[in-house]
Amino acid sequence: MTATKKLNLKQKYQYLTRDMDWEPSYQKKSDIFPQEDFEGIKIVDWDGWEDPFRLTMDAYWKYQAEKEKKLYAIFDAFAQNNGHQNISDGRYVNSLKLFLSGVSPLEYAAFQGYAKVGRQFSGAGARVACQMQAIDELRHSQTQQHAMSHYNKHFNGLHDAPLMHDRVWFLSVPKSFFDDARSAGPFEFLTAISFSFEYVLTNLLFVPFMSGAAYNGDMATVTFGFSAQSDEARHMTLGLEIIKFLLEQHEDNVPIVQKWIDKWFWRGFRLLSLVSMMMDYMLPNKVMSWQEAWEVYYEQSGGALFKDLERYGIRPPKYQDVANAAKEHISHQLWSTFYQYGQATNFHTWIPKKEELDWLAEKYPNSFDKYYRPRFEHWDALQKKGERFYNPTLPQLCQVCQVPVLFTETDDPTAFSHRDTVYKEERYHFCSEACCEIFDNEPEKYIQAWLPVHQIYQGNCGGPDLPSVLSDYYHFNLGEDNLDFSGSPDEKRWNEIKGIKPLDKDDVA
Amino acid sequence: MSQKVFIAFQDNENARYLVEAISEDNPEAEIQYQPAMIRIQAEKRLVITRETMEEKLNRDWDVQEMLLDVISIGGNVDEDDDHFILSWNN
């Protein structure tokens, strides 16, 4: 007779991911999992797949339920106590508008992506991991919308985020990132999202930015951010395990995976330039600069990671040095661009205050005063004369990352980085060598890119002029959601909350 | 080259005990306090031990309870009923 003994963690995980699986008897495995081979990845033994957290379904539901209870208690408290009145500055909310329309829909895209690829693996461990992650990502999308629904009652620009995500020009940057990953094969999707994005890069979004939300008095956002991030810790671990699993399975996988890492690191880096701007310009109370965050979360952590992966024959991403060198520039170049196109954004833009310019100069001693401060001071002078600058043209977009061609050459911050190539008698334009190379490797994929500026010019985005595109197709409330923060209804409302009386003519001595 | 593993926790009541336990088990670990979070880093290896946590809390503690408060990690993870270990192996 055997005594019943409590199973340990390893045994429980073994039962869930191995013993509940079965071998098909009347269908061929290749018919059941038809996407498993076409990318060229060779899996010799799915039993090599291990989730180091060894999370089983019962534990998963238990801990997730507890996280949700804590999170929603805080949302209630935040709403009941009018938490939006305690944020650092009315301008802060604009980072949430970008987050809700740029990032939250990616959580939903990730949910769809993991639900889809989870069906495609013949290994049960991988299927379970993808299932849990799909549920996590759906939770993130929901909690973010719930958290920000409170802000939607008090501020403009938050009313139609999913539609804007699908249509607005700069939101095609995050949208196309996930669409391009989801339209790849299942192993490439995992390398793109689980490894390159979740493991290598998302810390930059969810750790220093969320810590920044706390520092700006936004209890709701920091709480959903860290609650989501507690799932991300699992996702990141999985991302690393996936890479090691692929590399250990067969040496032929190494060059394929390396190419994917090169590509998706670069795409992720371009996507995160939006976060650089949120950190350096959109958080009124600063925690750390983008450059500092990049040094801790990419150069230091990524350095340790890629050293660890050396033994598999993997080297750091091909264009890593370009990304490292750009850390002193990208946030300033991007904010300058959004400032110019502030008539076409669902959030407000502004010239940083004097002390904020000084902070930027201190954090970016090699670049800010030399290249960027004069530009902001020039625009500020124009604005004070009543000639706030808006750029009336539409920007040229990169065919691959869809960011406007606004970044500069590594060795010359005054020269735009621009590449082009001809494919089937058509010329395509890129923001960088790296994006051009991605295109050259998969031209048939990227010629299909839905580039918002081209679509506007082709007449596929509503009316004939920019205001009708913005109002009819993007659903912006013109004069409320867009333009400078100064003079906006948001500013007026914030001043009312804080009892700040704007100066009028009579107050000027 | 220095190769740091790290773990970040929400700065809350649970984290206080985690930090105490980690400091005791990893005397070399560096603790960084940032708004709403605590980041702990160490060269190559960091361990959280169930036994130490149970001493600090004076109750049973499941290693997976840390999932509630963790924000991020860097390093290879190895978890069993008694430990949570982060390491770089190369």
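How many residues does the contact take from chain A, and how many from chain B? The contact takes 33 residues from chain A and 26 from chain B. The model is predicted. The legends below start at this contact, then turn to each chain.

**View 1. The side of chain A that touches chain B.** Five helices of chain A, α1 (9–19), α3, α11 (208–215), α12 and α14 (290–309), each supply at least two residues of this side. Which helix gives the most? It is α12(A), with nine residues. By class, this side of chain A has 15 nonpolar residues, nine polar and nine charged.

**View 2. Helices α3 and α12 of chain A.** Helix α3(A) covers residues 57–80, and helix α12(A) covers residues 219–249. Their axes lie 9 Å apart and pack at an angle of about 170°. An angle over 145 degrees counts as roughly antiparallel. The two helices are therefore roughly antiparallel to each other. From α3(A), the contact uses K67(A), L71(A), I74(A), F75(A) and F78(A). From α12(A), M219(A), A220(A), T223(A), F224(A), S227(A) and S230(A) take part. The contact of α3(A) with α12(A) has seven nonpolar, three polar and one charged residues. Both helices also supply residues of the side of chain A that touches chain B.

**View 3. Helices α5 and α8 of chain A.** Helix α5(A) spans residues 104–118 and helix α8(A) spans residues 172–182. Their axes come within 10 Å and cross at roughly 5°. Are the two helices roughly parallel or roughly antiparallel? That crossing makes α5(A) roughly parallel to α8(A). On α5(A), the contact is made by L106(A), A109(A), A110(A), Q112(A) and G113(A). On α8(A), P174(A), F178(A), A181(A) and R182(A) make the contact. By class, six residues of the contact of α5(A) with α8(A) are nonpolar, two are polar and one is charged.

**View 4. Q402 in a loop of chain A.** Q402(A) sits in the loop between α18 (368–384) and β1 (408–409) of chain A. Its phi is near 70°, a positive value in a residue other than glycine. Is Q402(A) buried or exposed? Q402(A) has 26 other C-beta atoms within 10 Å. A residue with 20 or more counts as buried, so Q402(A) is buried.

**View 5. Chain B as a whole.** Chain B has two helices and seven strands. From the N terminus on, its elements run β-α-β-β-β-α-β-β-β. The radius of gyration of chain B is 12 Å, close to the 12 Å that the globule rule gives for 90 residues, so chain B is as compact as a globular protein of that length. Along its principal axes, the C-alpha trace of chain B spans about 40 × 30 × 20 Å. Of the 90 residues of chain B, 43% count as buried. Among contacts in chain B between residues at least 6 apart in sequence, 63% join residues at least 24 apart.

**View 6. An open three-stranded sheet in chain B.** The strand order is β4-β7-β6 (chain B), and the pairing is antiparallel. The edge strands, β4 (45–49) and β6 (76–79) of chain B, each pair on one side only. The twist averages 10° from one strand to the next.

**View 7. Partners of strand β7 in chain B.** Five bridges join β4(B) to β7(B), which covers residues 83–87. In this antiparallel pair, I48(B) has F84(B) as its bridge partner. S87(B) is the bridge partner of R45(B). β6(B) and β7(B) pair over four bridges, also in the antiparallel sense. Here E79(B) has F84(B) as its bridge partner. β6(B) and β7(B) form a hairpin, with three residues between them.

**View 8. The two faces of strand β7 in chain B.** In a regular strand the side chains alternate between the two faces of the sheet. Which residues of β7(B) lie on the covered face? They are F84(B) and L86(B). The uncovered face holds H83(B), I85(B) and S87(B).

View 9. K44(B) is found in the loop between β3 (37–43) and β4 of chain B. K44(B) is not a glycine, yet its phi is positive, at about 70°. With 17 C-beta neighbours inside 10 Å, K44(B) counts as partly exposed.

Key
Residues are numbered from 1 along each chain as its sequence is written. Chains are lettered from A and ligands numbered from 1 in the order in which they are written. This is a predicted model: local features need pLDDT of at least 70, side-chain atom pairs count only at pLDDT 80 or more; totals for chains, interfaces and linings use all residues. Axes are lines fitted to C-alpha atoms, for helices over the stretch in contact, and angles run from 0 to 180 degrees between N-to-C directions. Angles under 35 degrees count as roughly parallel, over 145 as roughly antiparallel, 65 to 115 as roughly perpendicular and the rest as oblique. Two residues are in contact if their C-beta atoms, placed from the backbone, lie within 7 Å. Ala, Val, Leu, Ile, Met, Phe, Trp, Tyr, Cys and Pro count as nonpolar, Asp, Glu, Lys and Arg as charged, and the others, Gly among them, as polar. The radius of gyration is taken over C-alpha atoms; the globule rule is 2.2 Å times the number of residues to the power 0.38. A residue is buried if 20 or more other C-beta atoms lie within 10 Å of its own, exposed if 12 or fewer, and partly exposed in between; C-beta atoms are placed from the backbone. Two strands pair if DSSP finds at least two bridges between them.
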